[in-house]
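This briefing concerns the structure displayed below.

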Amino acid sequence: MQYRECLDIVRELGLRFRYYKSIESLFELDQWSALPAEGAAYRQQTAAFIGEQKNALYQGDDARRAADFLAGVALSDIEDDIARGLVRTFLFRYRNAVRTPQDTLRQYNLMRADCMRAWNEARAAQDYRIFMPWLDRAFALKAEIARAIDPDAPVFDTLVGMTDEGLSVAEVSAQFDKLKAGIGTLLAKLSKARAPEAAPIPDSDPDQMAAFAQRLARELGYRPERGGFNDRVVHGFTSFMGPRDARVSTYRSGSYNLIFTCLHEAGHAMYSSSSSQPVIDAGLWGGIEGGFHEASARFFENMIGHSLAYWQFYYPQLQQEIALFRDIPLAQFYALTHRVQPTLRRISSDEVTYSLHAILRFELERDYFAGLLTAGDMAEAWNDKYESYLGIRPQNDTEGVLQDMHWAGDYIGYFQSYALGNIYDGQILAAMQRDLPDLPARLAQGDVGCIAAWMDEHIWQYGCCYTAGEMVRRLTGGGLDAQPFLDYLDQTYSAVYGLT
Ligand SMILES: [Zn+2]
């Protein structure tokens, strides 16, 4: 086999893999927005079939011949970035597909519905013991799969690498330790200052709020011809249907929080639908998965969407369009959206403490897979960590260890990506400010298009050609580093709390 022939095979398999993934995205959107209860069983069969077909792509002779040939090629010797991305993603998918023990995978898939049911039941009873055996089983099966995929690596490294390719647990832990310490220092500093006055803002008309939030997303660069909005689901998410088709779904609400949800999802959608044509032709569109995709979303939600300069331009428009805000000064809105207050819930936490919620979950998983913690210890360990990191202790298991659906769903080894997104954002912001030193002045004048233009030039157009680590090196010349994010937090919140 020649290198060219091999590359053709790899490209073709990659394209087919993406077709299946697009079908899965359609299914997911349909499941949350339209699928009737009695249609669920047949859909599950159809989805299982699609999943099998997707994996079968890598079980054939062509895939094996290409993998054999590529075993003798060093990635670093491939000069073309797209070809290198193609080979890297092929080898990653091939390894996962051929090494995953099908029996174990089947057992895992068969128990998923029961696992979710037990989680719901445990939540209703506020009793982790109902869910505990299921968590134990799910984690054990995942460990078995991870050991088969890479017998030489610690289980949790393999699981984390499935979401955040190329990152080791040690590297993530080191940056999380730095982040924890920095956030602890900032919280201590803020606790000595007086929190700014921030009376709550009541909800307004959901239609008006949706119209305003969607306009902000469009003005930031989310193009309706590459997606669309649907506000009839229970939580925000983005469906990656195709290289020029990323749909944003949100809940229906009159709360100003809808604005931030919309900006977050628009960040995912713009990233996913902005790959260059050569990247699309190679099937590498959509962006780097895991923490780096989260970074694009959180950048628009937080770095831009929570910035004072942005609201100096848009707040008068919000007041113009939604009457309720006319009696609320910008200072109050800004203070309210920057209130730092430890809470038990990850999804309603503030920008400063948010990372701690993700980090402690990552640490619990890490300690479980290292054998330092059993499923039976999980609820207590969870509560202890909340008390130690955030100073508050859950009063029952539903407020605590049963809070997220991740461990009952197929998201084991996933939580690190939320905090990694913040770390990447600090590094992206620093790189952007180097090129756009007058960014706040631009935002205050409504020149928001420069952000998407910068993202496109430096990040989005490349799809998933690079790993997150390679991308960070391109942007900063260095590796993963929590310091720029800590600097951003300190600057922003010292100003909010009058400490500068
Ligand atoms: Zn997200």
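At roughly what angle do the axes of α8 and helix α17 cross, and within what distance do they come? In this predicted model, the two axes cross at roughly 65 degrees and come within 11 Å. Angles from 65 to 115 degrees count as roughly perpendicular, and α8 and α17 are therefore roughly perpendicular to each other.

**Packing of α8 with α17**

- Helix α17 spans residues 416–435, and α8 passes α17 in a left-handed crossing.
- On the α8 side the contact involves Val172, Gln175, Phe176 and Leu179, which meet Gln416, Ala419 and Ile423 of α17.
- Sorted by class, the contact of α8 with α17 comprises five nonpolar and two polar residues, with no charged residues.

**Packing of α8 with α15**

- Helix α8 (residues 169–191) also packs with helix α15 (residues 354–369), at an angle of about 140 degrees and with the axes 11 Å apart.
- Because of that angle, α8 is oblique to α15; an angle must be over 145 degrees to count as roughly antiparallel.
- The crossing of α8 past α15 is left-handed.
- From α8, the residues making this contact are Val169, Phe176, Leu179, Lys180 and Ile183.
- From α15, they are Ser355, Leu356, Ile359, Phe362 and Arg366.
- The contact of α8 with α15 includes seven nonpolar residues, one polar residue and two charged residues.

**Domains and their contact**

- Domain 1 covers residues 3–155 and domain 2 covers residues 156–500.
- A distance of 26 Å separates the C-alpha centres of domain 1 and domain 2.
- In the contact between them, 40 residues of domain 1 meet 40 residues of domain 2.
- On the side of domain 1 that touches domain 2, the elements giving two or more residues are α1 (3–33), α4 (81–99), α5 (102–125) and α6 (128–149).
- That side of domain 1 has 23 nonpolar, seven polar and 10 charged residues.

**Surroundings of Arg11**

- Arg11 is located in helix α1.
- Is Arg11 buried, partly exposed or exposed? Arg11 counts as partly exposed because it has 18 C-beta neighbours inside 10 Å, whereas a buried residue needs 20 or more.
- Leaving aside residues up to four places away in sequence, Arg11 touches Leu86, Ala282 and Gly283.
- Arg11 and Asp281 are 270 residues apart along the chain, and their C-alpha atoms are separated by 8.7 Å.

Methods:
Residues numbered from 1 in each chain as written. Predicted model: local features only at pLDDT ≥ 70, side-chain atom pairs only at ≥ 80, totals over all residues. Domains from an automatic or database assignment. Contact = placed C-beta atoms within 7 Å. Helix = DSSP H or I, 4+ residues; strand = E, 2+ residues; numbered from the N terminus. Nonpolar A, V, L, I, M, F, W, Y, C, P; charged D, E, K, R; others polar. Axes fitted to C-alpha atoms, helices over the stretch in contact; angles between N-to-C directions. Parallel < 35°, antiparallel > 145°, perpendicular 65-115°, else oblique. Left-handed = near helix turned anticlockwise from the far one by under 90°. Buried ≥ 20, exposed ≤ 12 C-beta atoms within 10 Å, placed from the backbone.
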